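I opened this model to go through its fold, core, surface and charged pairs. My notes follow in the order I looked things up.

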Amino acid sequence: LNDVGFHQAYVTYKNAFGASVDAKIGRQEVVLDGHRLFGHTGWTTGAQTNDAIRLNHSAGNHTLNYIYIASSEAGSISASDDANKSYHVLRAATQGVMGGDLQGYFVIVDDQTADTSSVDTNTWYTIGARSKGKLGALDYRVEYYRQFGDGSQAAASADHAEAYGTTPSSSTNVDIDRKASMFGLRLGKTFSNSRFSPTITLWYDSLTGTDDDDISGNDYGAFDTLQDT
């Protein structure tokens with residue numbers, strides 16, 4: 001809508017449901033672990049915000065999170081049209097592993113934004129881990145994520161064309177298997193005994209893409225960076 005809206009408007013509950021769980025409910029920025037999978041894209045107009053429910057549990061050196069994100073509602077108000085997109089995010093973090101922090105992720109994406117009367121399934125998953133800390137004189141960050149799941153797309157649909165840059169040769173609906181991954185590595189060294197304490201950092205990222213073999217096999221190989229920055 002071309003009017004005034006809320007960037008963030010939420011309520012928080014400490015020890016919700018009588019348990020050691022804190023709840024955050026409402027429109028909010030979802031920022032996790034350096035914005036790699038979920039961030040607020042703060043340099044954009046309005047930035048990234050979500051209608052979400054976030055549950056946090058912390059004890060000792062570990063933290064558990066569950067986040068439900070209602071990302072978009074694209075459909076009309078009718079029983080047969082559920083063209084919405086939502087995320088279920090499970091995150092577990094432990095401190096003191098390999099000289100730093102270790103986080104594990106399992107994300108379910110339920111994307112029905114291309115919903116039609118004949119196609120109503122596009123659910124896929126991201127699983128992986130991220131570790132950041134210090135080993136000896138080096139600062140490091142390493143992460144790996146794998147995506148899988150099914151996405152049924154209508155023949156000659158715009159969604160298929162967006163995924164592949166082409167439309168399927170079949171005149172019937174096709175099933176697309178998602179097979180994608182991401183690997184990231186960063187190493188840094190700070191020379192604290194030198195003037196100005198300079199730091200040298202090497203950073204490598206690799207995200208898979210969709211090639212000709214994927215298209216012919218109805219596979220989708222491009223890694224989806226979710227809500228990263």
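For polar contacts I took a pair of N or O atoms within 3.5 Å; within protein, one must be able to donate a hydrogen and the other to accept it, and residues adjacent in sequence count only if both atoms are side-chain atoms. The model is predicted, so I kept to its limits: local features need pLDDT of at least 70, side-chain atom pairs count only at pLDDT 80 or more, and totals for chains, interfaces and linings use all residues. Residues are numbered from 1 along each chain as its sequence is written, and side-chain values use heavy atoms, with hydrogens and water left out.

**Entry 1: threonine 126**

I began with the polar contact between the side chains of threonine 126 and glutamine 147, which is 3.1 Å. Threonine 126 lies in strand β7, residues 122-135. For helices (H or I, at least four residues) and strands (E, at least two) I used DSSP runs, numbered from the N terminus.

Is threonine 126 buried or exposed? It counts as buried, because its relative accessibility is 0%. My classes are buried under 20% relative accessible area, exposed over 50%, and partly exposed in between (1.4 Å probe, protein chains only).

I then listed contacts, meaning heavy atoms within 4.5 Å. Leaving aside neighbours within four places in sequence, threonine 126 is in contact with Tyr105, Phe106, Val107, Tyr145, Arg146, Gln147 and Leu226. I also checked serine 181: it is 55 residues from threonine 126 in sequence, and the C-alpha to C-alpha distance is 8.8 Å.

**Entry 2: overall fold**

I counted two helices and eleven strands. Along the sequence the pattern reads β-β-β-β-β-β-β-β-α-β-β-α-β. The protein has 229 residues, and 31% of them count as buried. Among contacts with a separation of 6 or more, 50% join residues 24 or more positions apart.

**Entry 3: nonpolar core**

Next I looked for nonpolar cores: sets of buried Ala, Val, Leu, Ile, Met, Phe, Trp, Tyr and Cys residues joined through side-chain atoms within 4.5 Å. The largest has 18 residues, and Phe38, Tyr87, Val89 and Leu226 touch the most other members. Two or more residues come from each of β4 (62-73), β5 (84-97), β6 (100-111) and β9 (174-190). β6 gives the most, with three.

What does phenylalanine 38 touch? Not counting residues up to four places away in sequence, it touches Val30, Val31, Leu32, Ile69, Tyr87, Val89, Val107, Leu226, Gln227 and Asp228.

**Entry 4: surface**

I took accessible areas from the Shrake-Rupley method with a 1.4 Å probe; for residues, only the protein chains shown count as cover. The protein exposes about 13100 Å², with carbon and sulfur atoms supplying 53% of it.

Patches use residues with over 30% relative accessible area and no salt bridge; like charges are joined within 9 Å, nonpolar side chains (Val, Leu, Ile, Met, Phe, Trp, Tyr) within 5 Å. I found a nonpolar patch of about 640 Å², made by Leu138, Tyr144, Phe183, Leu185, Leu187, Leu202 and Tyr204. β8 (138-153), β9 and β10 (199-207) each give it two or more residues. The largest share, three residues, is from β9. Tyrosine 204 sits in strand β10 and is partly exposed, at 47% relative accessibility.

**Entry 5: salt bridges**

My criterion was a side-chain nitrogen of Lys or Arg within 4 Å of a carboxyl oxygen of Asp or Glu. The whole structure gives nine salt bridges.

Arginine 27 pairs with aspartate 51, with the closest N and O atoms 2.8 Å apart. The pair joins strand β2 (residues 22-28) to strand β3 (residues 50-59), 24 residues apart. Arginine 27 is partly exposed at 32%, and aspartate 51 is partly exposed at 34%.

Aspartate 33 pairs with arginine 91 at 2.9 Å between the closest N and O atoms. Aspartate 33 is in the loop between β2 and β3, arginine 91 in strand β5, 58 residues apart. Both are buried.

**Entry 6: the charged network**

Which residues form a network of salt bridges? Arg36, Arg130, Arg141, Glu143 and Asp205 are linked. Within it, arginine 130 and glutamate 143 form a salt bridge, the closest N and O atoms being 4.0 Å apart. Arginine 130 is in strand β7 and glutamate 143 in strand β8, 13 residues apart. Both are buried.

Arginine 36 lies in the loop between β2 and β3. It is buried because its relative accessible area is 15%. Its side chain makes a polar contact of 2.8 Å with the side chain of glutamate 143.
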